[in-house]
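Visitor: I would be grateful for a close look at a single part of this structure, namely the place where the chains meet. Please treat the salt bridges there in some detail.

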Amino acid sequence: MPEPALSLRGVSQVFHPGTANEVVALDEVALVLERGSFTLVLGTNGSGKSSLLGAIAGSLPLAAGRVAVEGVDITAWPEQRRARLIGRVFQNPFAGTAADLTIAENLALAERRGKTRRFRRALGPARRQGLRDAVAGLGMGLEDRLDTPIGALSGGQRQALTLLMATLVRPSLLLLDEHTAALDPRSADQVIRLTQGIVAEGRLTTLMVTHSMAQAAQLGDRVLVMHRGRVAYDLPGAARQRLTEGELLQLFDQLRWADRVDEDAAALLREAYV
Amino acid sequence: MNLLLGAVTMGLVLAPLALGIFVSYRVFQTLDLTADGAFGVGAALAAALLQRGAPPLAATVVAAGGGLVAGTVTGLLSTRLSVSTLLAGVLTSTALYSAILFIMGGGNLSLASMDTLGGVVERFAHRFLQLPNAVTLFGTSVSPGVVAMLGVTAVIAAGLVIGLALLLATDVGLAMRSAGTNPQMARAVGVEVDRMVVLGLGLANGLIALGGALFAQYQGFANIEMGIGALIMGVASLLLGEAIVGRRPLGRWIAAAAVGALVLRLLVAGAIRAGLPPNALKLVTALFVLAVLIAPRLVHRPGRPVQGARSHA
């Protein structure tokens with residue numbers, strides 16, 4: 001039995017601790033992702049879904065808990081070291097690539113993820129050909145524009161390349177943070193199709209945050225619904241298969257209703273006792 | 001003719017400064033105020049070592065090393081101690097002021113009778129190339145030493161441009177550039193961003209100090225004020241070069257810095273010949289940089305999209 005791709009134990013994250021603005025972004029989250037699984041994370045704004053990805057990627061410090069990837073405890077690893085194991089695509093299509101560098105240069109950078117970088121020519125003919133083939137696999141015609149600065153491309157094209165970069169070296173875990181939210185519908189569709197293809201081909205363990213109920217109903221094999229820094233619903237396997245977009249919306253309504261009850265109760269208490 | 005050759009040589013002498021500014025300002029997108037101190041310390045180290053009889057080449061290399069150390073200190077202050085790059089640069093530059101006084105044992109050091117890189121080249125030229133005692137260029141008699149100096153500075157500047165272009169195209173070079181333009185992305189692909197910043201600022205100030213060392217040897221003296229305004233002069237060179245040569249592809253952009261240094265000195269020589277008082281030079285340089293920086297905004301009024309501009313979400 002191999003170690004799971006990802007395991008979180010008691011992961012908590014608190015912003016502005018000890019002040020009036022204290023926000024508990026993650027509240028003792030426990031989560032295990034099996035190898036090769038494709039999990040979607042849903043949640044309202046501020047429910048902690050982006051914090052969850054930050055906690056795994058190492059871009060946000062933890063208040064408590066352990067993070068392990070394929071059995072290796074990476075809790076103390078800084079972000080750039082975790083990159084050896086983790087590939088990432090951000091919500092902002094301009095965040096995942098370096099605008100001034102060419103397509104080929106960006107890919108060459110990503111191809112050294114988790115490897116030592118030396119004072120060696122980055123783009124020799126052989127490597128260039130390899131990268132060209134990889135870009136051709138996207139089917140966007142970008143292989144003929146390898147020397148174009150990546151900043152000249154559209155958001156959709158850049159996001160597709162970022163996805164390629166995140167998976168050029170096979171990651172133990174792929175993190176997608178609402179990576180189609182900032183794209184127009186056509187580009188979003190295209191990037192989703194690419195995502196499905198790349199994830200299926202490499203059997204990549206994937207954790208994808210999304211706002212889209214439609215995506216959540218169609219993609220992946222497990223759905224998590226985050227609420228107030230906790231995993232409120234965990235719908236694996238069969239439960240996920242039966243799930244429709246409408247039922248997901250109902251789940252959300254229930255959460256909102258629970259929130260309102262809490263707020264009403266708090267207001268009642270304030271009126272009665274303050 | 002001599003004036004022209006002098007201006008060109010001076011431009012080439014200052015090319016390493018412009019290249020250093022290219023690294024800190026363009027690759028790492030920081031206005032690194034270490035520049036003034038690094039230029040001064042390069043000049044001071046070279047002068048002090050030459051005075052103690054060090055071979056000119058060794059003195060020049062050690063001087064560049066001094067700048068590398070200064071830049072590394074600034075880099076460490078900003079990454080390890082989270083001091084803002086602006087403050088880190090000012091701190092290093094201020095400390096270097098004292099260092100320069102220590103190194104030179106005072107505010108001034110003349111190299112009048114010392115052997116310098118120029119002297120070495122001149123002897124070399126005499127011995128191996130059998131240069132005559134006077135060269136005639138376009139009908140003017142020019143001393144072969146002047147031509148030799150021009151030649152060697154041209155070789156140094158070209159070598160640095162090519163070397164920097166090759167360096168920035170290596171795996172480490174790409175990592176440095178990504179760390180400078182998009183640290184978030186750099187970390188996501190596993191680049192040690194902090195290490196790259198330290199390395200980059202070290203490289204930048206090493207180049208700047210090399211410029212200082214060449215400048216002192218070419219001028220025949222070093223003084224405590226030599227580094228003042230080096231940053232702005234480097235930025236002016238860079239902007240001028242970018243306007244003339246362009247910014248794409250990378251090799252061309254790097255060459256632009258060196259070309260800018262050269263053209264700036266030609267403009268300065270021309271302006272002084274036309275009657276500009278030398279005391280006004282720094283004022284004019286500052287105004288020039290300001291003009292270049294605000295010109296795009298004056299041409300393209302707010303609200304009107306700039307042609308060819310990319311939108312950033």
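Guide: What follows describes the contact between the chains, its salt bridges and the confidence of the model.

This is a predicted model, in which local features need pLDDT of at least 70 and side-chain atom pairs count only at pLDDT 80 or more, while totals for chains, interfaces and linings use all residues. Residues are numbered from 1 along each chain as its sequence is written, chains are lettered from A and ligands numbered from 1 in the order in which they are written, and side-chain values use heavy atoms, with hydrogens and water left out.

The model scores ipTM 0.89 and pTM 0.89. Over residues 304–313 of chain B, however, pLDDT stays under 50.

The contact (heavy atoms within 4.5 Å) takes 34 residues from chain A and 25 residues from chain B. The size of an interface is often given as the accessible area lost when the parts come together. Here the buried area (the accessible area, with a 1.4 Å probe, that two parts lose on being put together, summed over both) is about 2,600 Å², and carbon and sulfur atoms give 61% of that area.

Between chain A and chain B there are nine residue pairs in polar contact, both residues being at pLDDT 80 or more; a polar contact is a pair of N or O atoms within 3.5 Å, where within protein one must be able to donate a hydrogen and the other to accept it, and residues adjacent in sequence count only if both atoms are side-chain atoms. On the side of chain A that touches chain B, α2 (79–82), β6 (86–89) and α3 (103–111) each supply at least two residues. Helices (H or I, at least four residues) and strands (E, at least two) are DSSP runs, numbered from the N terminus. The element that gives the most to this side of chain A is α3(A), with five residues.

The structure holds 15 salt bridges over all chains, and the count between chain A and chain B is four. A salt bridge is a side-chain nitrogen of Lys or Arg within 4 Å of a carboxyl oxygen of Asp or Glu. One of them pairs the side chains of B:R177 and A:E105, at 3.0 Å from N to O. This pair runs from helix α8 (residues 171–181) of chain B to helix α3 of chain A. B:R177 has a relative accessible area of 7% and is therefore buried, where buried means under 20%, exposed over 50% and partly exposed in between (1.4 Å probe, protein chains only). A:E105, at 11%, is also buried.

A:R112 forms a salt bridge with B:D171, with the closest N and O atoms 3.9 Å apart. A:R112 lies in the loop between α3 and α4 (125–136) of chain A, whereas B:D171 belongs to helix α8 of chain B. B:D171 also forms a salt bridge with A:R120, the closest N and O atoms being 3.9 Å apart. Because A:R120 lies in the loop between α3 and α4 of chain A and B:D171 in helix α8 of chain B, this pair joins two chains. B:D171 counts as buried because its relative accessibility is 2%, while A:R120, at 43%, counts as partly exposed. Through shared partners, salt bridges join A:E111, A:R112, A:R120, A:R127 and B:D171 into one network.

Note on methods: pLDDT = per-residue confidence, 0-100.
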